[in-house]
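Here is a friendly walk through a two-chain model, meant to be read with the structure open beside you. Please keep the viewer handy as the headings go by.

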Amino acid sequence: MNIIDRRPNPKGKSLTNRQRFIDRARGEVREALADALKRRKLGDGASGEKVSIPTKGIQEPVLRPASRGGKRDYVVPGNKKFIVGDRIERPQGGGGSGRGNASPDDGGEQDAFEFMLSKEEFLDLFFEDLELPDLVKTRLRESEASQLSRAGYSVSGTPSTLNVVRTMRNSLARRISLHRPRPEEIEAIELQKQTALDADDAEGAAQADLDLEAAQRRARRVAYIDPVDVRYNRYERVPKPNTQAVMFCLMDVSGSMTEAMKDLAKRFFLLLHVFLERRYKKVNVVFIRHTSNAQEVDEETFFHSRETGGTIVSTALEEMLKVARERYSPDTWNIYAAQASDGDNYTEDSDRCSQLLGVEILPMTQYFAYIEVGAEATLRHGFPSPATDLWRTYAQVAQQHTNFAMRRVADPTQIFPVFHELFAKHRAEG
Amino acid sequence: MIPLNSVAGDADLLFQGPEWDFDKLRRVYDAISDIALNEMGLDVYPNQIEVITSEQMLDAYASIGLPLMYRHWSFGKRFAREEMLYRRGLQGLAYEIVINSSPCISYIMEENAMPMQTLVIAHAAFGHNHFFKNNYLFRQWTDATGILDYLAFARDYVSRCEEQYGVEAVEHVLDAAHALMSHGVHRYARRPKLNLEEERRREEERRRFFEENYDDIWRTAELPGRNIAADVEALEKERGDIRRRLGLPEENLLYFLEKQAPKLKPWQRELLRITRHISQYFYPQKQTRMMNEGCATFCHYEIVQRLHEKGLISDGALLEILHSHTSVIFQPEYDDQRYNGINPYALGFAMMRDIKRMCTEPTAEDREWFPEIAGNGDPYGTLRHAWANYRDESFVLQYLSPKLIRDFRLFKVFDDADVDAMMVDAIHDERGYREIRRALARHYDLARHDPDIQIRDVDLAGDRCLVLSHAVHNGVELDEGSTQSVLEHLTTLWGYGIRLEEQDATTESVIKTHEAAAAPT
């Protein structure tokens, strides 16, 4: 007999197969991912994603009998009331009592195939859409510090990780099954002995003595807690980034912003968030929307509710400053901001904006990105669209500050270059 | 109540506490081996026990339990699914995987505690191992000593093909071959080749036919005047000849394609051969699943009880083992949410325990039903005989006792699609025992499970269409959707059109026809 320790063997033998499977189902996975992305919240960050794809294309058909029709018979266990000649309603959907079959897996075809994409696979597919250059991808995957996180139970560990509930549950089950006498039972026998003694019933007392001894012997033999009962909490090392950041999302929600424009903005925000998530231990997101005045809202409202009114951008910048002063001191937080707008602004407001940005906001933020969405209509004429008010204002700011970037985005494929610029600058600096 | 070991016996214990190490494994193995070989009379291949991690276990799952496997996306699909189920806690991992090879490889997981390892060694390294070595199907159809080498060859061959012809081309062939895998086995020993004597007689017959039908006038006659009847007959004759030469009818579709498909390249044929061999290797396992698991479960149960009786394992360990044991052999009733067919572990284990009971403590009923084994006093010998010479179907037919039918409260339901309701036509009573036993045995008959499909004819003179027929029993036809997809795969291998006729098995009338045209090249 040989015992071989195969644990040091390379793991991930199935990774190639898994990759081939994802390649094969790429179309479907991408589609499912696009769906999932719509539902996905910014706060979900870059965790893995559960995707459910139609089985078409990844089917493994075999010749098999139809699940209905013809004459069949089933043998099933657990008869309670049937006698010969009873009629039973046919269960709907092919399942239930009808399937007394030796192979359970020949039931209906699965309609959808569900599996988890790992974080890396998710990012690969996600960035693939945006044609992320390899350079940035490697940067995203840089190693991080690790920390312990709970991962089930184990039979060994240090006393400090003892899981009392699990241990006691096992102990209780074992004590019951081995008939360990409970303290009350022993007390009862003692009482019995006492009553026998009181009543001068020598025989009864002797019997009680025997019982008592038997019970005590049993109690001694069956430990209250046996080493096999003991369970410990198990911990695993999980990689974690190491600092904290806050990301301000600013968006113009006045009537001129269409759903498509908001979707573009959302994609950009999401991308930035994924990036920050990878570099910082904790990423808070603050959503500020504005029309002619600004307010901090939750994500749902931010992306989906509509407002009417004029557009005064400075209100949003002020709101951001207010929130930052209240909750996110630049000493302890890395501050990032992304602003999305269609470029409309109340003309008199421009000076105020550049003032706010140049003097107060940019000095305390790591980075401020401005994207102007939905410039297609003007591009159609064949020459660059005339710059909007806000664009002209910001262009001046951009000349003076390196941590400010601005770009126009008309469709999803253009989002990445903007994003890339943000990375490129950081690489140059650090 | 379980008798407790005396406290003084602790010194004899093979292990204490949950921790395992290689020494303990070895001690336990030796103790189990002593019981298995000397008391139960098991006969096993040499054992090899390999310790793996849970991730490696997931890997092993995905490649259908084999230690080596060629690469294919479908294994990745399985892996993705298993992994998700496992990570989300919907499904635990198997405690072991055992491979029918010599030496017999059993995987055990490092996460398991020592009592569990004991159970696994008894279950896999002795129970399954004995079954693999002794059951007639495995002896006849699988080559335990060669399988690992063959798999290594297969893996290397496939990856060489991928390098040479591209992953996609290889995948294409494997996809199609996988679709036909369940019809890539020889169910019976091969028909002997025609011998010289027969060959000569055939030749003789052909010449006589030619002479008898020779008439010089045909040389000059115009076509319309020909004797059509004779023509048809000759044509039929010729087609019969072709059929015979091609070895038709043939139910091993992969074998036929490998040998006869006109357009396949040699490497493609080799790929078909590989999938066919793997399918053949698993064929006995499909036919003996219930017995195999029953045998292993019975063995671990008996062995563990004996270990405990001999004072070699502690009460705690026994309880932990029994806890796993009972959840494995749990059989939910038909109206239970968890019901998913008859649990092969439960039925197999119960039947084998029942045989042991009949051998040692028979009732009057057992003496009437099983005169040949009741009270023979040799339970292990009787079981060894059963393990060696039966498969699930025949085992149920032979050994399912009325007592067990009552214990399981089995009943039989007849379902005719033409009638509104299903009908209970046998229950666990005097009149029903035989009927239930017959019906249950039929469920384990693979020949009834996999559709009965044969390649019947090839239209070599015409469009080379391959004609398959499906014998329809009791009006159960093929599943429409999946059949069409399989036929499409089949056309990629055959290269020309395919026609599948569903014929009623009794009347031979064609009920339905599925067709697939050749894929444009």
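Strand 4 of chain A pairs with strand 5 of chain B (residues 422-426) in the antiparallel sense, over 2 bridges. Within this pair, A:Ile88 has B:Met422 as its bridge partner in strand 5 of chain B. Strands here are DSSP runs of E with at least two residues, helices are runs of H or I with at least four residues, and both are numbered from the N terminus. Two strands count as paired if DSSP finds at least two bridges between them. This is a predicted model, in which local features need pLDDT of at least 70 and side-chain atom pairs count only at pLDDT 80 or more, while totals for chains, interfaces and linings use all residues. Residues are numbered from 1 along each chain as its sequence is written, and chains are lettered from A and ligands numbered from 1 in the order in which they are written.

The open sheet around this pair has 4 strands in the order 3(A)-4(B)-5(B)-4(A), with antiparallel pairing. Its edge strands are strand 3 and strand 4 of chain A, each of which pairs on one side only. Helix 20 of chain B packs on the sheet, where it touches strand 3 of chain A as well as strand 4 and strand 5 of chain B, and its direction makes about 105° with that of strand 3 of chain A. Strand 3 of chain A in turn pairs with strand 4 of chain B (residues 411-416) in the antiparallel sense over 6 bridges. There, A:Asp73 has B:Phe414 as its bridge partner.

## The contact between the chains

How many residues does each chain bring to the contact? Chain A gives 70 residues and chain B gives 91, where two residues are in contact if their C-beta atoms, placed from the backbone, lie within 7 Å. On the side of chain A that touches chain B, the elements giving two or more residues include strand 1 (2-5), strand 3 (71-76), strand 5 (112-117) and helix 5 (164-177) of chain A. Helix 1 of chain A supplies the largest share of this side, 7 residues. By residue type, the side of chain A that touches chain B divides into 26 nonpolar, 21 polar and 23 charged. Ala, Val, Leu, Ile, Met, Phe, Trp, Tyr, Cys and Pro count as nonpolar, Asp, Glu, Lys and Arg as charged, and the others, Gly among them, as polar.

## Helix pairs in chain B

Two packed helices are described by the angle between their axes and the distance between the axes. The axes of helix 18 (residues 392-399) and helix 20 (residues 433-443) of chain B come within 7 Å and cross at roughly 170°. Helix 18 of chain B is therefore roughly antiparallel to helix 20 of chain B. Angles over 145 degrees count as roughly antiparallel, those under 35 as roughly parallel, 65 to 115 as roughly perpendicular and the rest as oblique. Axes are lines fitted to C-alpha atoms, for helices over the stretch in contact, and angles run from 0 to 180 degrees between N-to-C directions. Helix 18 of chain B contributes B:Glu393, B:Val396 and B:Leu397 to the contact, and helix 20 of chain B contributes B:Arg437, B:Arg438, B:Leu440 and B:Ala441. These residues divide into 4 nonpolar, no polar and 3 charged.

A second pair is formed by helix 15 (residues 344-360) and helix 17 (residues 379-389) of chain B, whose axes come within 9 Å and cross at roughly 135°. That angle makes helix 15 of chain B oblique to helix 17 of chain B. On the helix 15 side of chain B, the residues that meet helix 17 of chain B are B:Met352, B:Ile355, B:Lys356, B:Cys359 and B:Thr360, and their counterparts are B:Pro379, B:Thr382, B:Leu383 and B:Ala386. This contact divides into 6 nonpolar, 2 polar and 1 charged.

## The sheet within chain A

Chain A has 14 helices and 13 strands.

At one end, strand 9 (residues 282-290) and strand 10 (residues 294-297) of chain A run antiparallel and are joined by 4 bridges, with a hairpin of 3 residues connecting them. Strand 12 (residues 367-373) and strand 13 of chain A run parallel, with 6 bridges between them, and A:Tyr370 stands opposite A:Met406 in strand 13 of chain A.
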